[in-house]
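Subject: Structure handover

Hello,

Here is the structure you will be taking over. Please open it alongside this message, and read on for what turned up.

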Amino acid sequence: MEKNIQREKVIAPLAGVLILLAAFVLLYQPWRLGERELFRLEGLYAAQTLEMDHRLPLSTAHGIAIQNAFPLYPYLSKLLLSVTGLPVEFAMRLVSVAMTALATALIYLTTMHSRSHVAAQAAAATYFAVNIIFDKTLDASPVTTVAFGLLGAQLLWFYFGVERANWNAAWLTSLTALALTFYAGGFTVLLFFFFPLIFMRRPL
């Protein structure tokens with residue numbers, strides 16, 4: 001009877017990474033990022049990117065400072081634009097795709113460290129293939145930058161604090177990542193970081 005039981009084949013770590021990489025590239029098709037015209041808020045982010053002054057920590061559009069706008073995403077887009085000379089819509093969307101790729105890699109490494117490479121493959125694939133992530137990644141917007149920064153801040157806090165009991169390093173590294181992410185998403189980022197900590201067993 002046991003001979004008839006089918007056992008799931010475990011994919012080797014290297015093969016799993018290559019499959020994930022191929023799936024990511026085929027899904028997001030980065031070579032086609034510049035084909036769509038700017039739409040929704042992409043035009044506003046394009047203006048911020050083109051007018052970004054690296055010496056000033058603020059966002060402007062048509063020479064006017066924008067309230068409740070945060071400069072990190074336009075800054076990264078302008079940096080990529082300056083280095084590569086890509087069209088502005090391509091550069092902005094490429095930053096968005098790169099942030100999703102970095103978040104996927106971070107999820108893979110974290111899950112592999114805590115569980116196994118099989119779980120890491122599943123977690124990474126789930127993240128970049130879920131519909132909401134796919135939809136937001138293809139837009140030129142700071143959403144994926146915020147997601148990556150917030151994820152990194154939370155994982156740093158848990159790694160150094162909960163796992164290694166080094167609370168000085170936990171707060172220093174996580175708040176540094178959080179401060180950078182604040183420049184992409186504002187006070188909402190602080191809410192998403194601190195609110196879950198209220199429900200931990202020990203008060204902070």
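Start with Glu 35. Its relative accessibility is 54%, so Glu 35 counts as exposed, the cut-off being over 50%. Please keep in mind that this is a predicted model.

Salt bridges

Glu 35 has a charged partner. Its side chain meets that of Arg 32 in a salt bridge, at 3.1 Å from N to O. Arg 32 is partly exposed, with a relative accessible area of 44%.

How many salt bridges does a search of the whole structure find? The search finds two. The other pairs the side chains of Glu 42 and Arg 93, at 2.9 Å from N to O. This pair links distant parts of the chain. Glu 42 sits in helix H2 (residues 42-51), Arg 93 sits in helix H4, and 51 residues separate them.

Are Glu 42 and Arg 93 buried or exposed? Buried means under 20% relative accessible area. Glu 42 is at 2%, so Glu 42 counts as buried. Arg 93 is at 0%, so Arg 93 is buried too. As a general point, side chains of opposite charge can pair when their charged atoms come close.

Helix H4

Helix H4 spans residues 88-114. Thr 104 belongs to this helix. With a relative accessible area of 9%, Thr 104 is buried. Its side chain reaches back to the backbone oxygen of Thr 100, at 2.8 Å. What does Thr 104 touch, leaving aside residues up to four places away in sequence? The contacts are Phe 24, Ala 124, Tyr 127 and Phe 128.

Ala 101 is also placed in helix H4. Ala 101 is partly exposed, with a relative accessible area of 31%. The C-alpha atoms of Ala 101 and Phe 128 are separated by 7.8 Å. Along the chain, these two residues are 27 apart.

Aromatic residues

Phe 24 and Phe 128, both touched by Thr 104, turn up again here. Together with Tyr 28 and Phe 134, Phe 24 and Phe 128 form one aromatic cluster.

The structure holds 13 aromatic pairs. One of them joins Tyr 159 and Phe 160, with ring centres 5.0 Å apart. Their planes stand at 75 degrees, so the pair is edge-to-face. Tyr 159 counts as partly exposed, at 31% relative accessibility.

Over to you.

Best wishes

Technical notes. Residues are numbered from 1 along each chain as its sequence is written. This is a predicted model: local features need pLDDT of at least 70, side-chain atom pairs count only at pLDDT 80 or more; totals for chains, interfaces and linings use all residues. Side-chain values use heavy atoms; hydrogens and water are left out. Helices (H or I, at least four residues) and strands (E, at least two) are DSSP runs, numbered from the N terminus. Buried means under 20% relative accessible area, exposed over 50%, partly exposed in between (1.4 Å probe, protein chains only). A polar contact is a pair of N or O atoms within 3.5 Å; within protein, one must be able to donate a hydrogen and the other to accept it, and residues adjacent in sequence count only if both atoms are side-chain atoms. Contact means heavy atoms within 4.5 Å. Rings of Phe, Tyr and Trp (its six-membered ring) pair if their centres lie within 6.5 Å; planes under 30 degrees apart count as stacked, over 60 as edge-to-face and the rest as tilted. A salt bridge is a side-chain nitrogen of Lys or Arg within 4 Å of a carboxyl oxygen of Asp or Glu.
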